[in-house]
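Try each task before you read its solution.

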Amino acid sequence: MRKSAREAAFKIVFANLFHDGNGTNFRAAVYKQEKLEEEDREFAERLVALVSEHKDELLSMIDQRVERFAEYRIYAVDKALLLVSLAEIKYFDDIPPVVSVSEATALAKKYSTEKSTDFVNGVLGGFINS
């Protein structure tokens, strides 16, 4: 299920914000925890790889949309959600952007602060509406 794959990718990207290049054991543990099947594991791996490959570009995109403070001040959970969602919006043509935004806001509601849902939704909405 892609929802679980997105959540797994988010967890890996979040961990990578603190310790870049987490090993295969960590990833395997996350995939096991999320009970991902092979197809979903591949989807999550692709998302993580795209974030890693295009991280500077994606961070720059976030920085351009967040007007009041620099990207480095964004709560790490929100930053990881934005990175994963922007990678999905930008590099997965088969997924409607509104689905990516909806999934990100659901994860923000689960893992982040009360205000983060609106923040993530607003930043991502700015990308898909521009």
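A residue is called buried when its relative accessible area is under 20%, exposed when that value is over 50%, and partly exposed in between. Keep in mind throughout that this is a predicted model.

**Exercise 1. Classify Glu 57, then find which residue forms a salt bridge with Glu 57 and where the two partners lie.**

Step 1: Glu 57 has a relative accessible area of 30%, so Glu 57 is partly exposed.
Step 2: The salt-bridge partner is Lys 90, with the closest N and O atoms 2.8 Å apart.
Step 3: Glu 57 belongs to helix H4 (residues 55-65) and Lys 90 to helix H5 (residues 76-91), so this pair ties together parts 33 residues apart in sequence.
Step 4: Lys 90 is partly exposed as well, because its relative accessible area is 37%.

**Exercise 2. Contrast the salt bridge of Glu 7 with that of Glu 38.**

Step 1: Glu 7 meets Lys 110 through their side chains, at 2.8 Å from N to O.
Step 2: This pair links distant parts of the chain, with Glu 7 in helix H1 and Lys 110 in helix H6, 103 residues apart.
Step 3: Now compare the covers: Glu 7 is buried at 8% relative accessibility, whereas Lys 110 is exposed at 54%.
Step 4: Glu 38 pairs with Arg 41, and their closest N and O atoms are 2.8 Å apart.
Step 5: Both of these residues sit in helix H3 (residues 38-53), separated by 3 residues, about one turn of the helix.
Step 6: Glu 38 is partly exposed at 46%, and Arg 41 is partly exposed at 29%.

**Exercise 3. Describe the aromatic pair of Phe 10 and Tyr 111.**

Step 1: Two numbers are needed, because a pair of aromatic rings is described by the distance of the centres and the angle of the planes.
Step 2: For Phe 10 and Tyr 111 the centres are 5.2 Å apart and the planes make an angle of 45 degrees, a tilted pair.
Step 3: Phe 10 lies in helix H1 (residues 2-18) and Tyr 111 in helix H6 (residues 97-111), so the pair ties together parts 101 residues apart in sequence.
Step 4: Phe 10 is buried, at 4% relative accessibility, while Tyr 111 is partly exposed at 29%.
Step 5: Phe 10 and Tyr 111 also belong to one aromatic cluster together with Phe 14 and Phe 18.

**Exercise 4. Check the span of H1 and decide whether H1 is mostly covered or mostly open.**

Step 1: At 1.5 Å a residue, the 17 residues of H1 should span 24 Å.
Step 2: The end C-alpha atoms are 25 Å apart, which agrees.
Step 3: H1 is mostly covered, with 12 of its 17 residues buried; among them are Ala 5, Ile 12 and Asn 16.
Step 4: Leu 17, also in H1, is partly exposed with a relative accessible area of 24%.

**Exercise 5. Find which rings have the charged end of an arginine sitting over them.**

Step 1: Look at Phe 92, where the charged end of Arg 46 sits over the ring, 4.2 Å from its centre.
Step 2: Turn to Phe 127, where the charged end of Arg 65 sits over the ring, 5.1 Å from its centre.

Conventions: Residues are numbered from 1 along each chain as its sequence is written. This is a predicted model: local features need pLDDT of at least 70, side-chain atom pairs count only at pLDDT 80 or more; totals for chains, interfaces and linings use all residues. Side-chain values use heavy atoms; hydrogens and water are left out. Rings of Phe, Tyr and Trp (its six-membered ring) pair if their centres lie within 6.5 Å; planes under 30 degrees apart count as stacked, over 60 as edge-to-face and the rest as tilted. Helices (H or I, at least four residues) and strands (E, at least two) are DSSP runs, numbered from the N terminus. Buried means under 20% relative accessible area, exposed over 50%, partly exposed in between (1.4 Å probe, protein chains only). A charge sits over a ring if NZ of Lys or CZ of Arg is within 6 Å of the ring centre and within 35 degrees of the ring normal. The expected span of a helix is 1.5 Å times one less than its number of residues. A salt bridge is a side-chain nitrogen of Lys or Arg within 4 Å of a carboxyl oxygen of Asp or Glu.
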